[in-house]
Amino acid sequence: MAEKLMNYIDGAWRESAGTGSMDVNNPASGERLAVTPFSMVAEVDQAAQAAAKAFESWRRMPATERIQYLFKLKTVMEEHFTDLARSITIENGKILSDASGEMRRAIENVETACGIPMMMLGDFSEDIARGIDEYMIRQPVGVVASICPFNFPGMIPFWFLPYALATGNTVIIKPSERTPLTMTKVFQLFEQVGFPPGVVNLVNGGADVVNAILDHPLIQGITFVGSTAVARHVYSRAALNGKRVQAQGGAKNPVFVLPDADPEMTTKIVIDSVYGNAGQRCLAAANIVMVADAAKTFKPLLAEAAQQLVVGFGLDQGVQMGPVITPQSRNRIEGLIQKGVDEGAKVLVEGRDAVIAGYENGNFLRPTILDNVKPGTAVATTEIFGPVMTLMNVETVDDAIQMVNRGKYGNMACVFTSSGAAARKFRNEAQAGNIGINIGVAAPMAFFPFSGWKESFFGTLHGQGKHAVEFFTQTKVVVERWLKEWSRQF
Ligand code: NAD
């Protein structure tokens, strides 16, 4: 029987009292891997109480001591690197090299947060008036919680958690109910590291757990990554409850190919970006837009490369693209492809009804290309979150920039060209928070913020780096006077 996952609260593994649950299946084989319990509101309360209690001493521990836990965490994550990456492939479906890249970025965030003694430095100004000094110090906000999506089960919690802990907060993680296994493994590593009870807590579940987190008076800060509809809900409900919140949402990333782009490099990168993790990345290239007569060169190259991709189970040798997360997801994606056809698009490469030998129960599609997609149609504006490239055309770089700026999302926009002037104009004018110039997945390193704009992000401060440090600390300003007469003369 598949194992029912446990929560980790106050330094101990606890069975959830919730009666509802959800199966976690390997998306490539359909095999049942585990069962996610839908935890109860009372369990969120237990985690929040434990985290609030732990906060009292964790915040007082010098930052130089807190980061010793993170150094140790880095060591155990390196030791278990392959196991964690394999776990991602098994529960999420992405190929092992992508899963390894994901874990690498998670660890890079731990490494970056180890610099917290420098990043948390305050400011000091002497003599802001005669005999008066003023300074600003950063203090942790308290108990914080992260609500996570299915597509990066190992990395996304680490956009936040290392910074939250290093700055002195205590943490609750709510993984996606569809991919909770990797976080269970990570929490086993937290146990090895020996974080004091209550400093890190894991509560499994679905929307009820999320809403209990958003409403809990002891939880001061919320980070969310997921779809735009839920991001908006999380942002507004948490804000209504007086919490600080950052909520990263969905995307529909346009990528523009100019006729002067390097054919070989551009084709390879665009294909990787569209089909990596079967298109289930918030930085997946979605609309591939040919500028001027670029289609002449690039359309046949992209079609050929898409057809050649090897689809299968991500742990198998030579596989380049895995399945999508659930059968429902596959049906939704196939429905959107049909919608595109109904809207007038042409199927240039057909990926529906895929059957992969040995994995007949998997949720597979093959790479799909829809050509002649018109701006404003459903398939051009909806986040498909599957292995579907939609080919479009514009005449000029100005048209390209206008297309980015008309879009409701602003997660990423990319341009492929060998013209510095065109690239510079695009970088300067395109309204998206992550820009790729001859790059197909403009994923910021751990020390840069993950900068979504528009409906891809609700809030002010993003995940990772200095933004995370600011998000997880509140500033305290002290204005101070000491009269000379009060001092004993020595
Ligand atoms: P999702 O919004 O369905 O779920 C995310 C989290 O919200 C999960 O933990 C889930 O339990 C919870 N949730 C779902 N419905 C809820 C509801 N009605 N009320 C309260 N909580 C609810 O997202 P997903 O399908 O897991 O992830 C894919 C989405 O995430 C895509 O839209 C993708 O673009 C986005 N994403 C964005 C980024 C980014 O940085 N902007 C990164 C990764 C993924």
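1. Let's start with the domain interface: 22 residues of domain 1 are in contact with 25 residues of domain 2, where contact means heavy atoms within 4.5 Å. Domain 1 covers 3–249 + 456–478 and domain 2 covers 253–437; these bounds come from an automatic or database domain assignment. The C-alpha centres of the two domains lie 31 Å apart.

2. Before going on, some ground rules. This is a predicted model, with local features needing pLDDT of at least 70 and side-chain atom pairs counted only at pLDDT 80 or more, while totals for chains, interfaces and linings use all residues. Residues are numbered from 1 along each chain as its sequence is written, and side-chain values use heavy atoms, with hydrogens and water left out.

3. How much area is buried between domain 1 and domain 2? About 1,900 Å², with carbon and sulfur atoms giving 62% of it. Buried area here is the accessible area (1.4 Å probe) that two parts lose on being put together, summed over both. On the domain 1 side, Ala28, Ile95 and Ser456 lose the most area to domain 2, together 28% of what that side buries.

4. As for polar links, 7 residue pairs are in polar contact between domain 1 and domain 2 (both at pLDDT 80 or more). A polar contact is a pair of N or O atoms within 3.5 Å; within protein, one must be able to donate a hydrogen and the other to accept it, and residues adjacent in sequence count only if both atoms are side-chain atoms. The count of salt bridges between domain 1 and domain 2 is 0, taking a salt bridge as a side-chain nitrogen of Lys or Arg within 4 Å of a carboxyl oxygen of Asp or Glu.

5. Helix H3 (81–92) and helix H4 (96–113) each supply at least two residues of the domain 1 side that touches domain 2. H3 gives the most, with 5 residues. Helices are DSSP runs (H or I, at least four residues), numbered from the N terminus.

6. Across the structure there are 16 salt bridges. One of them joins the side chains of Lys74 and Glu111 (2.8 Å, N to O). That pair links distant parts of the chain, 37 residues apart: Lys74 is in helix H2 (residues 63–79) and Glu111 in helix H4.

7. On to the ligand. Of the 29 residues around it, Cys148, Lys174, Glu177, Ser227 and Glu383 come nearest; a residue counts as near if one of its heavy atoms lies within 4 Å. A polar backbone atom of Cys148 is 2.7 Å from a ligand oxygen atom. From the side chains, a polar atom of Glu177 lies 2.6 Å from an oxygen atom of the ligand, and an N or O atom of Gln248 is 2.8 Å from an oxygen atom of the ligand.
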